[in-house]
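Q: Can you walk me through this one? I'd like to start with any open space in it.

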Amino acid sequence: MRLPTDPQADIARRAWVACAACDDARHCATCADRRTCGERLRYLISNKGPVLHLQYPGRTHTWSLDTRPVLPGHGGGARCS
């Protein structure tokens, strides 16, 4: 069964970033070698400056990732929704 994908999702707009909440790449040798993995691509739905909005292909799981370096006393990182 194919799950709904965000209407903004486009296979040409991809990102290969880890999901901090799911850690789905933990046991993937390709990801561990920091190579492009066909199983771990994410759709880049949109971005607002350094904040990326992403979705797994074929799943409804979406999240936002702040790509700015984390500064002392500031938040950052991923937030799954």
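**Pocket and strands**

A: The largest pocket has a volume of about 250 Å³. Keep in mind that this is a predicted model.

Q: Which residues line the largest pocket?
A: Its lining consists of Trp16, Val17, Ala18, Ala25, Cys31, Arg34, Arg35, Cys37, Arg40 and Arg42.

Q: And by class, how many in that lining are nonpolar, polar or charged?
A: There are 6 nonpolar and 4 charged residues, with no polar ones.

Q: How does anyone find empty space like that?
A: Rolling a probe the size of a water molecule over the atoms shows where empty space remains.

Q: Switching topic: what is the secondary structure of the chain?
A: The chain has 1 helix and 5 strands. Along the sequence they follow the pattern β-α-β-β-β-β.

Q: In what sense do β1 and β2 pair?
A: Strand β1 (residues 14-15) and strand β2 (residues 42-48) are antiparallel, with 2 bridges. Ala15 has Arg42 in β2 as its bridge partner, and Arg42 is also one of the residues lining the largest pocket.

Q: What about β2 and β3?
A: β2 pairs with strand β3 (residues 51-55), again in the antiparallel sense, over 5 bridges. Leu44 stands opposite Leu54 in β3.

Q: How many residues sit between the strands in that hairpin?
A: The hairpin of β2 and β3 has 2 residues between the strands, and Gly49 takes a positive phi near 65 degrees.

Q: Last one: how much of the chain is buried?
A: Buried residues are 28% of the 81 residues. The accessible surface of the chain is about 5,700 Å², and 52% of that belongs to carbon and sulfur atoms.

Note on methods: Residues numbered from 1 in each chain as written. Predicted model: local features only at pLDDT ≥ 70, side-chain atom pairs only at ≥ 80, totals over all residues. Heavy atoms only, no water. 1 Å grid on protein atoms, 1.4 Å probe; cavity = no way out; pocket = protein on both sides within 12 Å on 5 of 7 lines; lining within 4 Å. Points joined across faces, edges and corners; volume = space filled by probe spheres on them. Nonpolar A, V, L, I, M, F, W, Y, C, P; charged D, E, K, R; others polar. Pairing = 2+ DSSP bridges. Helix = DSSP H or I, 4+ residues; strand = E, 2+ residues; numbered from the N terminus. Buried < 20%, exposed > 50% of the residue type's maximum accessible area, 1.4 Å probe, protein only. Areas by Shrake-Rupley, 256 points an atom, 1.4 Å probe, with all protein chains shown as cover.
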